[in-house]
Amino acid sequence: MAAEADLGQRAAYLTEKSEFDNEKGVHADDIALEEEQENSPIEAVRLVVPITDDPTLPVVTFRFWLLSFLFTALGATIQQYYFFRSTSGAFSIFFVNLVTYSMGRALARHLPTTKVTFFGQELSLNPGPFNIKEHALIGIAVSTGASAAYAIDILSATDIFLDYRINFVGSMIIIITTQCCGYGMAGLLRKYLVYPAEMVWWSNLVQVVFYNTLHNTDQFQKVRLIRGWSSMKFFWVVVGVTFVYQFIPQWVAPVLIYFDWICWLKPFDMNFWALFGSISGAGIGSLSFDWTSIGGATMWLPLSAQLCSLSGIIFNYWIIFPILWLNNALGMKTIGRPLTSRLFDDNGVYFDILKAMTPDHTLDEEKYNKGSPANMAPMYALGFMTSFIALAGCCSHVYFFHGKEIWAQWKSALGSEKEDIHTKMMKVYPEVPQLWYGAFYVVMAILACIACEFYGTQLPWWGLLLALALGFVLTLPIGVMNAVTGYGPGLNVITELVIGYILPGKPIANMTFKCYGYMAMYMCNNLMSDLKLGHYMKIPPRSMFVGQFWGTLIGGAFNYMTMILIIDSQREALSKRKPDPNGLWTGQRVETFWGSGLIYGALGPARMFSFQAKYWFVYIGFLIGFIAPGLIWLLSKKFPKYSWSKVNIAIFAGGMGAFPNGYTVGVLPSLIVALIFQGYIATYKKGFWKKYVFILSAALDTGAAFTGLLIFLFLGGGISPKLAVKIPSWWGNHYTEDDNNAPYADVNRCGAYKNKWQSGTL
């Protein structure tokens with residue numbers, strides 16, 4: 001990866017530099033050349049991570065508490081906001097690092113040195129210069145909490161689709177325990193997945209260089225970009241321009257988000273709508289001028305990975321989709337909406353599962369058998385198949401292309417008594433006892449059992465323990481994959497499959513089991529990655545313990561408050577009782593989570609996916625996933641000149657499964673941006689790419705996120721309907737007095753309102 005190579009060279013410069021800034025407390029005699037001093041056996045780590053430390057630097061300071069709170073709250077709010085939207089945005093950690101750096105230095109200059117008591121500890125408001133460890137811990141706390149908690153899927157699905165709202169106490173217990181069970185596991189497994197040098201956790205190396213660049217040399221401030229601007233000035237100018245621009249597609253002209261120009265040739269033809277519309281269809285040839293549909297990651301993610309993913313999207317939606325639709329395979333055209341996670345009866349009418357449910361939200365077999373069976377949209381069923389391909393393909397790909405290396409490194413990690421240099425350096429700090437993590441894990445598990453038993457989740461306490469056990473057992477091998485290769489499978493589909501066979505007919509139990517089983521593994525991996533970053537940055541382990549838990553608490557609270565605010569203000573659109581004329585409040589992720597809960601929970605996999613059932617083919621995904629990487633591996637042996645390992649079937653299948661994880665918006669623009677930045681500029685204009693790509697990406701994502709948040713809170717009436725400002729109806733934002741898009745189906749000016757098709761029907 002070009003970006004990491006460049007950052008590694010810069011880090012090497014930092015490591016060999018003769019003297020660090022005295023403000024940071026790192027002295028010249030702390031540094032030794034690589035050949036004179038022990039270092040990491042991993043070359044990339046040797047280049048990136050300095051083998052210096054100053055144990056006297058304060059870490060958990062008043063500035064940490066203040067800045068981590070502000071940015072965790074902001075990030076959790078923004079991410080939860082995008083959780084319910086049709087387009088996705090990002091709360092960039094580069095933005096957090098840049099702004100907290102400036103704010104931290106400002107606070108160091110202006111705060112008094114007065115001492116205050118905070119959480120029973122006396123600390124100075126200003127203990128001295130803003131330092132690198134303090135800064136890194138702020139970033140770790142923010143990255144821990146500034147996300148959309150997975151438990152929100154359960155809470156929002158039951159609230160929107162069952163009109164059942166779990167109260168504040170129960171909701172917070174579920175949110176915190178789903179996050180923190182993984183935290184306890186991370187502490188228990190750190191000996192195997194954090195301390196060994198072979199467990200690299202590659203994504204952290206970029207962050208290590210970024211922090212050291214800012215603090216050790218101030219080289220970041222010396223860089224001059226266009227017109228002689230500093231990096232900070234360039235960042236804020238791009239943020240400002242993006243912030244203003246994003247009002248056009250996000251507010252003034254939403255049609256620019258779904259620029260389905262081919263569909264406009266015959267907008268009231270059902271086939272054109274299905275194939276070329278990007279809101280409800282395949283979006284073939286569609287464009288998007290909304291940056292959140294593209295994202296800054298397209299500028300720096302490895303081109304091979306992006307091409308695998310985008311190829312999967314194009315193959316599934318531009319080739320397979322038209323074949324299924326035009327032939328009405330599995331009743332796809334009869335259903336009428338090609339991309340939906342809703343269930344339908346045999347006549348294409350929405351299947352109302354509530355009519356076949358008991359008052360405690362369990363399936364009533366007798367009522368269900370009296371009516372038409374539930375049917376899935378074929379592309380939704382295919383989505384389950386691709387998830388099985390991705391899971392099996394990941395394991396198989398790693399086995400064939402990285403198996404020997406992983407096994408050798410794992411044996412080395414467990415069998416070697418020689419400690420890594422960074423582990424030796426961390427011994428100066430008091431360790432967090434295993435008992436703390438073990439007790440923390442037990443307490444979280446008990447609270448989770450209480451939540452399951454007393455807050456209507458349908459999952460008995462033993463089911464909760466089974467979910468945690470499944471997550472714990474699979475965390476170790478998946479953690480090794482993530483640490484060594486940077487990629488690992490998820491457990492969301494497997495967990496719902498397991499509990500679907502054990503507790504059929506119980507959708508809330510299925511969603512809860514999936515959330516705890518999947519999140520225990522997922523959060524454990526995320527938190528171990530952060531622990532490794534703290535290891536590289538020489539942050540005291542007990543400070544890490546505080547920082548990670550603090551971020552989780554703040555993030556969970558703001559996730560919940562944002563969820564309540566959005567559901568209460570957008571319930572009609574999210575529940576599909578009344579469509580959003582702008583096509584932005586789709587709640588697709590919630591609908592998908594709920595649809596999956598119905599299929600695996602209420603109806604059960606035995607009914608939906610058995611060999612006698614309509615959708616039996618989904619299990620073929622396991623077979624394809626296991627075999628395809630082996631065939632690619634054989635080709636690599638036959639034709640070794642080609643980089644066959646970059647052909648990753650798991651990533652390809654992930655692209656095929658773009659829906660139900662989101663709509664097929666922004667495929668062509670993303671491909672264009674990736675080819676420009678990663679294909680051309682990174683290859684032929686390396687100097688420009690090295691200087692601009694990360695800061696430009698962070699600035700674009702940040703500006704777009706701020707625009708979306710401002711529109712939601714104020715112009716969209718999120719805080720109060722009195723503040724809402726509505727753009728008049730015009731070509732780019734067409735709607736009627738009744739708040740629909742007639743004569744069009746959607747805001748993209750494509751499709752026929754109320755199915756008044758002129759052609760293309762059955």
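The bend at a residue is taken here as the angle between two fitted axes, one through the seven residues ending there and one through the seven starting there. Helices are DSSP runs (H or I, at least four residues), numbered from the N terminus. The model is a predicted one, so a few ground rules apply: local features need pLDDT of at least 70, side-chain atom pairs count only at pLDDT 80 or more, and totals for chains, interfaces and linings use all residues. Residues are numbered from 1 along each chain as its sequence is written, and side-chain values use heavy atoms, with hydrogens and water left out.

Helix α21 covers residues 507–537 and has a kink of about 30° centred on M519. The expected span of a helix is 1.5 Å times one less than its number of residues. Buried here means under 20% relative accessible area, against over 50% for exposed and partly exposed in between (1.4 Å probe, protein chains only). Just after α21, K538 takes a positive phi of about 60°.

On to the cysteines. The structure holds one disulfide, a disulfide being a pair of cysteine sulfur atoms within 2.5 Å. The partners are C263 and C750, with their sulfur atoms 1.6 Å apart. The link is right-handed, with 50° about the S-S bond. It ties together distant parts of the chain: C263 lies in the loop between α11 (247–252) and α12 (270–276), while C750 lies in the segment after α29 (686–715), 487 residues apart. C263 counts as buried because its relative accessibility is 0%, and C750 is buried at 0% too. As for C449, this residue is in no disulfide, and the nearest cysteine sulfur, that of C452, is 6.6 Å away. C449 still counts as buried, at 14% relative accessibility.

Last comes a helix pair. Two packed helices are described by the angle between their axes and the distance between the axes. Axes are lines fitted to C-alpha atoms, for helices over the stretch in contact, and angles run from 0 to 180 degrees between N-to-C directions. Helix α3 (residues 62–83) packs against helix α5 (residues 132–145) at about 30°, with the axes 8 Å apart. The two are therefore roughly parallel (angles under 35 degrees; over 145 is roughly antiparallel, 65 to 115 roughly perpendicular and the rest oblique).
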